[in-house]
Every structure is written in structure tokens, then in C-alpha cells.
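Please keep the sequence and the coordinates at hand while reading.

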Amino acid sequence: MASDFKVTPWEVSGDIDYDVLVKRFGTSRIDDALLDRLSSYGDLHPLLRRGIFYSHRDLGAILDAYDKGEGFVLYTGRGPSGDTHLGHLLPWMFTKWLQDVFDVKLYFQLTDDEKFLFKHELSLEETREMAYENALDVAAMGFDRDKTRIILDTANIEQLYPLALKVAKKVTFSTARAVFGFNNSNNIGSIFYTAVQAAPCFLESEEQGRNVACLIPCGIDQDPHFRVTRDVAPGLGYLKPALMHNKMFPGLGGGDKMSSSDPDSTIFTTDGKKAVRSKIGRAFTGGCVSAEEQREKGGNPEVCAIFKYQFFLFEEDDDKLDEMVRRCRSGEMLCGECKMALSEKVNVFLEGHQRRREEARSYIGEMTYKGFEW
Ligand code: TRP
């Protein structure tokens, strides 16, 4: 049943119907007209071409602000609850493309407070330590160092708190409960938390003393926070933040979302070559039981996790992707060969990422908002 799925910032489950989700959340599709407009600024990113970044709120207003020379800022973030995995990198890659195309500032929020509040097993010291490790992954994406500021909630609370307070005063408990499904057993920190995630939307306006538009590229699971933020923004004298949403990055097990809680079907940015090969080797492909049968009947890329990886991140060339589908369906290429090819690509990518990640240790201190020290 289409409605049998759940998408909230803290839980994604079931078979997500992304069309239904757009209706449920009240967002808009990134349609052909918007894609056309976007392509006038730079070659469309594959994630846009393939409908992975597929939904938005007020993207047109951001482009208008840019065209008029008023500018805008980008804002995205990460909840540091463990190692970064490939699914986290997807919106970051896209954010990097946006930063390159529009040459704009980026605020990147690390929510050590959020993960402390929502994961009972984690201490604040641990989430702060993970925030540092995650920041290395952020830096490894190659964002413009001068134009990117990394926010750590517990370190930057002086700047965030006045804004969070203004937001919090306008959001009732009944709204928080309706939007996030809170009940009497949730701790009171988690009820306040949305206000902290809302705050960076307005930082640039505060810094410049004028209203600056803000665009948030993020997984669609984060939309509820910003729906609340958008509702209160005008009452606080700010512009509503705009959003671009991506679909969830699939797990290797064939599910809809890669999740750290299932490490065998998740590729972390720190994984070694052997781990990558063995995780991909065990991935769900939907292939036939025997090679003979598959040569005869062919495979089914639609359900195959390996194919999804190529589609989402690892094969940018549409023609090559089509060829992959053809060879799979015809039974010409079997799962083993396909898995090896993907492992190779993932390992080449991770080798570069891990090198850039290590290099980042020397300069990450210069990218922190207001120069906080780790
Ligand atoms: N809540 C997000 C997470 O758990 C982290 C986050 C903070 C974020 N600010 C954001 C994500 C803005 C996207 C956009 O990962």
C-alpha cells in the first residue's frame, strides 16, 4: 500500500512513494521549467537530471534573488552520530555543485546536541568527537574554504541561541507533536531542538543586517524541521528558507535508505578496500540463483542495489548507464562482474576521499564559524 511508509527526521521506514511524499509534505516537484532555468547557470548535475534531487520549496525565489544581484547563502548539515557513509555525501556533493555554480557562502551545521538528545547511548563528549570526524568528511568534499563556515552547535551556541529562542517562542508544543509525533516520553530537549536547526537559516541576515535568502539542499526527511521554520520566519521579519530535497540513498540490502544501524549494508567513508569488496559482494541484486538461469532470463536493474549505486553516485554518463541496463537485462553481464566493477569505482573514489580527509586535519580549524576550537 502506497501510504505504508514513514519519513521523519528520525525515522525512515517502508517503501517510500516519493510522489505521495511531495503531496503529504506539500512541497513542489522540480519540474522541467525549473530544470531549464537551472541549466542556464551551469551544466545540470546528474542528481538533477536523474530526478534524485526532485522536490523543492521556493527555488524560483532563490534564482530571482540571484538574478537581481541580491545573492543568497547555502545551508546544510549533519547530525554526528557515527561515521559518515556514502548516503550522507550525496546532498553534500550537490551542495558543492551549487556553491561552485553560484559562488556563494555555505553554512554547515554539525548538530552534536541533536544526536546527544536523540540517541540515549551517546554522551555529549562522543557526539562532539564524532562532529570533528564528520567535519573532515565535509572538508574532503572540496568546499570553498573561505566561503564555508562549519557550525558546531555546542561551540556556537552564543550565535545560535538568540535566534533559536525567537523561533521557539513561536512554535507550540501541539505543533511539534503533530509534525514530529512526539509523546509524553520524549525528553524536553528534543522538543526544543528544531529551533536550533532553524537558527542557521537566519545567521547571514543577522551578519549582514539585511534579509539574505537561504537555500537548503537536504534529504527530504529533514523537511519537517524547515516546514516549521518557514511558518514562523515571516513573523520574525525573515525570509522563508528555500529548500531542495533529495531522495534517500539506498542501502546495499535493497532497502530504501542506507542506514548506519545496518553496517553490513552501509559503506562508510573510512572503509578499507576489502570491506568495500565484501559488502558489495553480499549486496542484494535480485539476480537469478544460477548463472545459467540468469544468462537465459537476464537480471532486473530496477530492484538491484548495485545498479542503484551506479545510478545515484558512480556512473555519471547516461549512455554508459543505459548500456549497463542492456547488458544486465540480456543476461550478457552477470552480477559478479557488475559487483566487481562497482567495487573498483567505490574504492577509487574512497582512496581520494580518504586522502583529502586526512589533509583536512591541517586546515579544518580555519573553517569553523567564529573561529571556535575543536
Ligand atoms: N538533523 C540533521 C541530521 O540528523 C542535521 C542537520 C542540521 C541538517 N541542519 C541541517 C541537515 C540542515 C540538512 C540541512 O543529519
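Two residues are in contact here when heavy atoms of theirs lie within 4.5 Å. On that basis, among the contacts in the protein that join residues at least 6 apart in sequence, 78% link residues at least 24 apart. The model is a predicted one, and every value in this report is computed from it.

**Overall fold**

The protein has 17 helices and 9 strands. Its radius of gyration is 21 Å, close to the 21 Å that the globule rule gives for 374 residues, so the protein is as compact as a globular protein of that length. Taken along the principal axes, the box filled by the C-alpha atoms is roughly 65 × 45 × 45 Å. Of the 374 residues, 51% count as buried, while the accessible surface of the protein comes to about 16,700 Å², with 49% of that area belonging to carbon and sulfur atoms.

**Helix α1**

Helix α1 spans residues 18–25, and its buried residues are Tyr18, Leu21, Val22 and Phe25. These residues cover an arc of only 100 degrees around the axis, which puts them on the same side of α1. What covers them includes the strands β1 (5–8), β3 (28–29) and β4 (53–57), together with the helix α12 (223–232).

Which class of accessibility does Gln99 fall into, and which does Asp67? The table sets out the values.

| Residue | Relative accessible area | Class |
|---|---|---|
| Gln99 | 2% | buried |
| Asp67 | 47% | partly exposed |

Gln99 lies in helix α5, which runs over residues 86–102. Since buried means under 20% relative accessible area, the 2% of Gln99 places this residue among the buried ones. Not counting residues up to four places away in sequence, Gln99 touches Leu74, Val104, Lys105, Leu106, Phe143, Asp144, Lys147 and Thr148.

Asp67 is found in helix α4 (residues 59–67), and at 47% relative accessibility Asp67 counts as partly exposed. Once its neighbours within four places in sequence are left aside, Asp67 is in contact with Arg37 and Tyr41. Along the chain, Asp67 and Gly82 are 15 residues apart, and their C-alpha atoms are separated by 40 Å.

Conventions: Residues are numbered from 1 along each chain as its sequence is written. This is a predicted model: local features need pLDDT of at least 70, side-chain atom pairs count only at pLDDT 80 or more; totals for chains, interfaces and linings use all residues. Side-chain values use heavy atoms; hydrogens and water are left out. Helices (H or I, at least four residues) and strands (E, at least two) are DSSP runs, numbered from the N terminus. The radius of gyration is taken over C-alpha atoms; the globule rule is 2.2 Å times the number of residues to the power 0.38. Buried means under 20% relative accessible area, exposed over 50%, partly exposed in between (1.4 Å probe, protein chains only). Accessible areas come from the Shrake-Rupley method with a 1.4 Å probe; for residues, only the protein chains shown count as cover. The arc is that of the directions from the helix axis to the C-beta atoms.
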